[in-house]
Amino acid sequence: MSTTRPYPPGDLGPEPGGAGASAAQAAAIPAGQIRRLRLAGTRGAVARGRDFARQALHDWGWLPAAGADRRAAAEDVLLVVSELVTNACLHAEGPEELRLRCTAKVLRLEVSDLGTGQPAPRSPHRPGRPGGHGMFIVQRLCLDWGVVRNADGAGKTVWAELAAPF
């Protein structure tokens, strides 16, 4: 089963705790919890970001995964974190902060940086060529993604949202 856009864009799927969801699954959802990791000036930002996200997923009950769908959802989160942090390292003077925001339906990933560039999937996408796949991967795995410029004009936050596997 593919974890790519399990529901149409904008549709977050059925309500957690509805038909087919267990009480344990509904109770494990951390309503509105936010985790932050300062990455400015650190070495190994991508690995630190993945480790931080992996620990949050463990704390929130996504890991260890009970089945293939939940395992794939957790792996998608870790891959998107890697791609967003890597892009900040390569194209935006390094990441400043990684934020994870979890609700009953959505996990929102945010990477802030001080760069001026605008991330976009390379078009046309060329699967056989090295490089340029990061935002294409983010686009395929996430419900939605975008960029918010900082109010003072210095930097931005790149965000992506993935469906919760419950």
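Of the 166 residues of the protein, 42% count as buried, where buried means under 20% relative accessible area, exposed over 50% and partly exposed in between, with a 1.4 Å probe and protein chains only. This is a predicted model, in which local features need pLDDT of at least 70 and side-chain atom pairs count only at pLDDT 80 or more, while totals for chains, interfaces and linings use all residues. Residues are numbered from 1 along each chain as its sequence is written, and side-chain values use heavy atoms, with hydrogens and water left out.

**Overall architecture**

- The secondary structure comes to four helices and five strands; helices (H or I, at least four residues) and strands (E, at least two) are DSSP runs, numbered from the N terminus.
- Along the sequence the pattern reads α-β-α-α-β-β-α-β-β.
- Among contacts with a separation of 6 or more, 62% come from residues 24 or more positions apart, a contact being heavy atoms within 4.5 Å.

**Helix H4 and its surroundings**

- Helix H4 spans residues 134-141, and Gly 134, Met 135, Val 138 and Leu 141 are buried in this helix.
- Viewed down the axis of H4, these buried residues fall within an arc of 135°, so they line one face of the helix; the arc is that of the directions from the helix axis to the C-beta atoms.
- In an α-helix there are 3.6 residues a turn, so residues three or four places apart point the same way.
- The cover over the buried residues of H4 includes helix H3 (68-91), strand E4 (144-149) and strand E5 (156-163).

**Packing of H3 with H4**

- The axes of H3 and H4 are 9 Å apart, and the two helices pack at an angle of about 145°; axes are lines fitted to C-alpha atoms, for helices over the stretch in contact, and angles run from 0 to 180 degrees between N-to-C directions.
- H3 passes H4 in a left-handed crossing, a crossing being left-handed if the near helix is turned anticlockwise from the far one by less than a right angle, and right-handed if clockwise.
- On the H3 side, Asp 76, Leu 79, Val 80, Glu 83, Leu 84 and Asn 87 meet Gly 134, Met 135, Ile 137, Val 138 and Leu 141 of H4.
- This contact of H3 with H4 has seven nonpolar, two polar and two charged residues; Ala, Val, Leu, Ile, Met, Phe, Trp, Tyr, Cys and Pro count as nonpolar, Asp, Glu, Lys and Arg as charged, and the others, Gly among them, as polar.

**Packing of H2 with H3**

- Helix H2 (residues 45-59) and H3 have axes that come within 9 Å and cross at roughly 150°.
- H2 and H3 are therefore roughly antiparallel to each other, a term for angles over 145 degrees, with under 35 counting as roughly parallel, 65 to 115 as roughly perpendicular and the rest as oblique.
- The crossing of H2 past H3 is right-handed.
- H2 contributes Ala 45, Val 46, Gly 49, Arg 50, Ala 53, Arg 54 and Leu 57 to the contact, and the residues of H3 in it include Ala 74, Val 77, Leu 78 and Leu 79.
- By class, the contact of H2 with H3 has eleven nonpolar, three polar and two charged residues.

**Backbone geometry in loops**

- Most residues other than glycine have a negative phi, and most peptide bonds are trans.
- Leu 63 and Pro 64 are joined by a cis peptide bond with omega about -10°, and Pro 64 sits in the loop between H2 and H3.
- Glu 93 has a positive phi, near 65°, and lies in the loop between H3 and strand E2 (95-102).
- Glu 93 counts as exposed, at 70% relative accessibility.

- Ala 104, in the loop between E2 and strand E3 (106-113), is partly exposed, with a relative accessible area of 33%.
- The C-alpha atoms of Ala 104 and Gly 32 are separated by 7.8 Å, with the residues 72 apart along the chain.
- Arg 71, in helix H3, is partly exposed at 41% relative accessible area.
- Arg 71 and Pro 165 are 94 residues apart along the chain, and their C-alpha atoms are separated by 9.0 Å.
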